[in-house]
Amino acid sequence: QVQLVESGGALVQAGGSLRLSCVVSGGTSSSLVMGWFRQAPGKEREFVAVISRSGRIPYYGDSVKGRFTISKDNAKNTAHLQMNGLEPEDTAVYSCSAKRTAGSDLIFHEGHEYDYWGQGTQVTVSS
């Protein structure tokens, strides 16, 4: 059974940066599409970013495009989300997700398409 563990969430001032990590166990990240979603209090879960199994194809939600970068280190079974230019509106619990797929360059941006989820890590951006 694949398990995902996130880390890196913290309290940061607006304009600052954070790097979230998601470590995969019970499987290999090279066989997984990996995504990040976030959920703020009182709001629906929002797609943030996804990277294909191969690591070649990233895709971002409109609200983070140009500020966030998703990457994947298949040798270390880890995915990262580099977040720059953080804004108070980015405050949320960020969750890592993964989906097994045969397609090396496929991506998915709907939460219901994912098979595995981490517990989440809190990101708080102060103004």
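Tutor: Buried means under 20% relative accessible area, exposed over 50%, and partly exposed in between (1.4 Å probe, protein chains only). This is a predicted model, where local features need pLDDT of at least 70, side-chain atom pairs count only at pLDDT 80 or more, and totals for chains, interfaces and linings use all residues. Residues are numbered from 1 along each chain as its sequence is written, and side-chain values use heavy atoms, with hydrogens and water left out.

Student: Is Phe 37 buried or exposed?

Tutor: The relative accessibility of Phe 37 is 3%.

Student: What is the geometry of the pair formed by the rings of Phe 37 and Tyr 114?

Tutor: Rings of Phe, Tyr and Trp (its six-membered ring) pair if their centres lie within 6.5 Å; planes under 30 degrees apart count as stacked, over 60 as edge-to-face and the rest as tilted. Here the centres are 5.5 Å apart and the planes stand at 80°, so the pair of Phe 37 and Tyr 114 is edge-to-face.

Student: Which residues form one aromatic cluster with Phe 37 and Tyr 114?

Tutor: The whole structure holds 5 aromatic pairs. Phe 37 and Phe 47 make an edge-to-face pair, because their centres are 5.6 Å apart and their planes at 70°. Along with Phe 37 and Tyr 114, the cluster contains Phe 47, Tyr 59 and Trp 117.

Student: Which residue lies over the face of Phe 37?

Tutor: A charge sits over a ring if NZ of Lys or CZ of Arg is within 6 Å of the ring centre and within 35 degrees of the ring normal. At 5.7 Å from the ring centre of Phe 37, the residue is Arg 45.
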